[in-house]
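The sequence and structure come first.

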Amino acid sequence: MKHLLKLEDWSTEEITEALNLADQLKYEQKHGIEHKLLKGKTLGMIFEKSSTRTRVSFEVGMTQLGGYPLFLSSNDLQIGRGEPVEDTARVLSRFIDAIMIRTFKQEEVEALAEYGSIPIINGLTDYCHPCQVLADLMTIREFKGKLEGLKMCFIGDGNNMMNSLIVGALRTGMSISVACPEGYEPPKNIIEFGESFGDRFELCRKPIDAAKNADVVYTDVWASMGQEDEKKIREAAFEGYQVNDELMSVTNEGCMVLHCLPAHRGEEITAEVFEAHANEIFEEAENRLHAQKAVLVKCFE
């Protein structure tokens, strides 16, 4: 039994295997080749944070794999009314075959894995977003033909996306430069993880420095879900941290732009840059489906 709690838990080989399987499943889906690899299996999908892409991609993906997706909102579960997560894990383990959870605290995901007896998949927490990053890596490899030796640049908050991208990029042979304002850095353990890869990791204050010679530029919203109350404060802090034509002018020729969506045009990215790279961004969105199908198959193994 395998979990996907955070990307740090997966080796380079495991990530590569998942990406290869995702490519295969995408090819088969595009060519009408059925792959009912999880026939008869049930995936419980716990949503304490709402989502468009996570819910639809997991629900469709599990169906295409021949299984049954069961949507569970916090209103449907006793976990939302004070039942300990360890009890929820034990009960659901007796009813279903795996859990995907999208929630706030990473500790909740870890507790489900500790007390349950079925695979647990992290659909997003405030700490990390491993499924999104697997889709990102899949997309980069599709467009660039490789990962090793490429430079990624992330502009924005030291949030769950930055945390997982640092791990995913470095694990697969890329280098990564991240730019964020003072006070919005990734947590200490992620910075230490990056620094363990030497000059392949760089933390910058100026976005233009991080973007220099980049092959992939990545950005995310300045205020993630749950941070709406501090949106104006964040907008002031992130002034100048926009992906625009000036920033793109210092990147390598053919540089990709990725965004995990939803995008706020005119804030973290200009409409012009977004539309110029819309094909890459929406292929990235589609690849959530294929990458997560690969995760499901690997975890059920």
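## Lys6 and its contacts

The side chains of Lys6 and Glu110 are joined by a polar contact of 3.4 Å; a polar contact is a pair of N or O atoms within 3.5 Å, where within protein one must be able to donate a hydrogen and the other to accept it, and residues adjacent in sequence count only if both atoms are side-chain atoms. Lys6 is located in the segment before helix H1. Leaving out residues up to four places away in sequence, Lys6 touches Gln106, Glu110, Tyr127, Cys128 and Pro130, where contact means heavy atoms within 4.5 Å.

The model is predicted, so local features need pLDDT of at least 70 and side-chain atom pairs pLDDT 80 or more, while totals for chains, interfaces and linings use all residues. Residues are numbered from 1 along each chain as its sequence is written, and side-chain values use heavy atoms, with hydrogens and water left out.

## Helix H4 and its cover

Helices (H or I, at least four residues) and strands (E, at least two) are DSSP runs, numbered from the N terminus. In helix H4 (residues 106-115), the buried residues are Gln106, Glu108, Val109, Ala111, Leu112 and Ala113. Buried means under 20% relative accessible area, exposed over 50% and partly exposed in between, with a 1.4 Å probe and protein chains only. Helix H3 (85-93), strand E3 (98-102) and strand E4 (120-124) are among the elements that cover these residues.

The axes of H3 and H4 cross at roughly 50° and come within 8 Å. Axes are lines fitted to C-alpha atoms, for helices over the stretch in contact, and angles run from 0 to 180 degrees between N-to-C directions. H3 and H4 are therefore oblique to each other; angles under 35 degrees count as roughly parallel, over 145 as roughly antiparallel, 65 to 115 as roughly perpendicular and the rest as oblique. Val85, Glu86, Ala89 and Arg90 of H3 make the contact with Glu108, Ala111, Leu112 and Tyr115 of H4. By class, the residues of this contact are five nonpolar, no polar and three charged. Ala, Val, Leu, Ile, Met, Phe, Trp, Tyr, Cys and Pro count as nonpolar, Asp, Glu, Lys and Arg as charged, and the others, Gly among them, as polar.

## H1 against H5

Helix H1 (residues 12-30) and helix H5 (residues 130-144) have axes that come within 10 Å and cross at roughly 70°. This makes H1 roughly perpendicular to H5. From H1, Ile15, Thr16, Leu19, Asn20, Ala22, Asp23 and Lys26 meet Leu134, Leu137, Met138, Arg141 and Glu142 in H5. The contact of H1 with H5 has six nonpolar, two polar and four charged residues.

## H2 against H12

Helix H2 (residues 53-64) packs on helix H12 (residues 278-300) at an angle of about 55°, with the axes 9 Å apart. That makes H2 oblique to H12. The residues in contact include Phe58 and Met62 of H2 and Leu289 and Phe300 of H12. The residues of this contact are six nonpolar, five polar and three charged.

## Two loop residues

Asp157 sits in the loop between strand E5 (151-155) and helix H6 (160-171). Asp157 counts as buried, at 6% relative accessibility. Its side chain makes a polar contact with the side chain of Arg234 (2.9 Å).

Glu34 is in the loop between H1 and strand E1 (42-47). Glu34 is exposed, with a relative accessible area of 65%. From C-alpha to C-alpha, Glu34 and Glu195 are 43 Å apart in space, and they are 161 residues apart in sequence.
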